[in-house]
Amino acid sequence: MNKAEEYWRTNLRLVVGCLIVWFIVSFGAGILFHDVLDNIRIGGYKLGFWFAQQGSMYIFIALIFFYSIRMNKIDRKFGVEEEEGD
């Protein structure tokens, strides 16, 4: 396998991993596991409601930072990082 194919395979693996986390948090915590999570309270609110309204947004923001950091490392590993401008 050449370097470009390995780069894209690594990139796609990262994207798929992030999409799986996104799906579990948005669909799983907000809809599928809502009843189970409602047995736990945070700040007076049921955890299922909290995830559906607020928690998922925090996870999504964390995913953006995680993707950015990991993608920069992958780019450096394969020598395709962006050059910083003046």
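This is a predicted model: local features need pLDDT of at least 70, side-chain atom pairs count only at pLDDT 80 or more; totals for chains, interfaces and linings use all residues.

Reader: How does the radius of gyration compare with a compact globule of 86 residues?

Author: A globule like that would come in near 12 Å, but the protein chain has 18 Å. Along the principal axes, its C-alpha atoms fill a box of roughly 50 × 35 × 15 Å.

Reader: How much of the chain is buried, then?

Author: Of the 86 residues, 24% count as buried. The protein chain exposes about 6800 Å², with 62% of that supplied by carbon and sulfur atoms.

Reader: Let's switch to α1. How far does that helix reach?

Author: Helix α1 covers residues 3-32 and reaches 40 Å from its first C-alpha to its last. That is close to the 44 Å expected at 1.5 Å a residue.

Reader: Which residues of α1 are buried?

Author: They are Tyr7, Thr10, Asn11, Leu14, Cys18, Val25, Gly28, Ala29 and Gly30.

Reader: And what do they pack against?

Author: Those buried residues pack against α2 (34-37) and α3 (47-78).

Reader: Last one: what share of the contacts with a separation of 6 or more comes from residues 24 or more positions apart?

Author: In the protein chain, such pairs account for 58% of those contacts.

Methods: Residues are numbered from 1 along each chain as its sequence is written. Side-chain values use heavy atoms; hydrogens and water are left out. The radius of gyration is taken over C-alpha atoms; the globule rule is 2.2 Å times the number of residues to the power 0.38. Buried means under 20% relative accessible area, exposed over 50%, partly exposed in between (1.4 Å probe, protein chains only). Contact means heavy atoms within 4.5 Å. Accessible areas come from the Shrake-Rupley method with a 1.4 Å probe; for residues, only the protein chains shown count as cover. Helices (H or I, at least four residues) and strands (E, at least two) are DSSP runs, numbered from the N terminus. The expected span of a helix is 1.5 Å times one less than its number of residues.
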